[in-house]
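Good morning, and thank you for coming. Today I shall walk through one structure, and I ask you to keep it in view as I speak.

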Amino acid sequence: MQEKSSGFQWPAQWTPDILATLMFVVQKGRILLIRKKRGIGAGKVNGPGGKFEPGETALQCVLREVREELHIDIEDAREMGVLNFSFACGTIPEIRCHVFMATSFTGTPTETPEAEPFWCPVDGIPYDLMWQDDRFWLPAMLDGKRFEAFFTFEGDRMLEFSLKAED
Ligand SMILES: COc1nc(N)nc2c1ncn2[C@H]1C[C@H](O)[C@@H](COP(=O)(O)OP(=O)(O)OP(=O)(O)O)O1
């Protein structure tokens with residue numbers, strides 16, 4: 001495991017308010033991203049995903065969210081990592097997010113009231129339009145490395161981070 005941090009100490013005791021998921025489909029050197037139209041992070045570029053519903057596993061959640069947001073069915077989801085987000089502002093809940101990758105799906109990515117999908121070259125990901133944590137872990141995940149990370153935010157601004165990723 002490789003560890004990187006801003007000097008931030010991973011909290012011994014921390015409990016998320018909500019559980020959520022993200023999905024990144026990668027095919028032929030391209031990644032399927034969304035412009036998020038509502039919910040936490042509206043206006044940002046991200047992967048599709050969202051909050052768990054009662055009784056769901058992370059896998060059930062991410063498959064449902066991708067179906068709802070883009071009208072596609074993922075065929076080979078694999079969990080790659082966990083992101084923990086703590087927000088100083090108090091208006092956004094503390095979030096634990098399970099992150100998945102896939103290469104195969106059925107259907108056609110379609111705009112919905114939640115998301116506008118677009119394909120992007122993996123070497124041209126628009127990090128400046130995304131949450132500030134993404135540039136820390138997304139490249140490692142695209143290299144096939146599993147990871148776990150903790151980020152603190154004040155609103156949109158990332159304050160501290162601690163990232164553990166496979167060598
Ligand atoms: C703080 O940094 C974040 N970075 C990234 N990459 N993604 C984040 C961050 N904070 C939240 N997210 C993701 C995790 C989830 O996919 C969504 C939040 O869930 P959302 O509000 O979209 O949940 P839904 O169930 O879809 O919401 P509706 O109530 O609108 O259906 O953001």
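I begin with helix H2, residues 134–142, in which Asp134, Phe136, Trp137, Leu138, Ala140 and Met141 are buried. Buried means that 20 or more other C-beta atoms lie within 10 Å of the residue's own, exposed that 12 or fewer do, and partly exposed anything in between, with C-beta atoms placed from the backbone. Helices (H or I, at least four residues) and strands (E, at least two) are DSSP runs, numbered from the N terminus. In general, an α-helix has 3.6 residues a turn, so residues three or four places apart point the same way.

Before I continue, please note that this is a predicted model: local features need pLDDT of at least 70, side-chain atom pairs count only at pLDDT 80 or more, and totals for chains, interfaces and linings use all residues. Residues are numbered from 1 along each chain as its sequence is written.

Against which strands do the buried residues of H2 pack? They pack against strands E7 (78–87), E8, E11 (147–154) and E12 (157–165). After H2 comes glycine 144, with a positive phi near 90°.

Leaving aside neighbours within four places in sequence, methionine 23 is in contact (C-beta atoms, placed from the backbone, within 7 Å) with residues including Gly49, Val62 and Phe100. Glycine 49 is found in strand E5. Why does glycine 49 count as buried? It does so because 24 other C-beta atoms lie within 10 Å.

Finally, the ligand. It is surrounded by 19 residues, the closest being Gly39, Gly49, Gly50, Lys51 and Trp131; a residue belongs here if its C-beta atom, placed from the backbone, lies within 6 Å of the molecule. Strands E2 (18–27), E5 (49–51) and E8 (95–102) each give two or more residues to this shell.

Note on methods:
Two residues are in contact if their C-beta atoms, placed from the backbone, lie within 7 Å.
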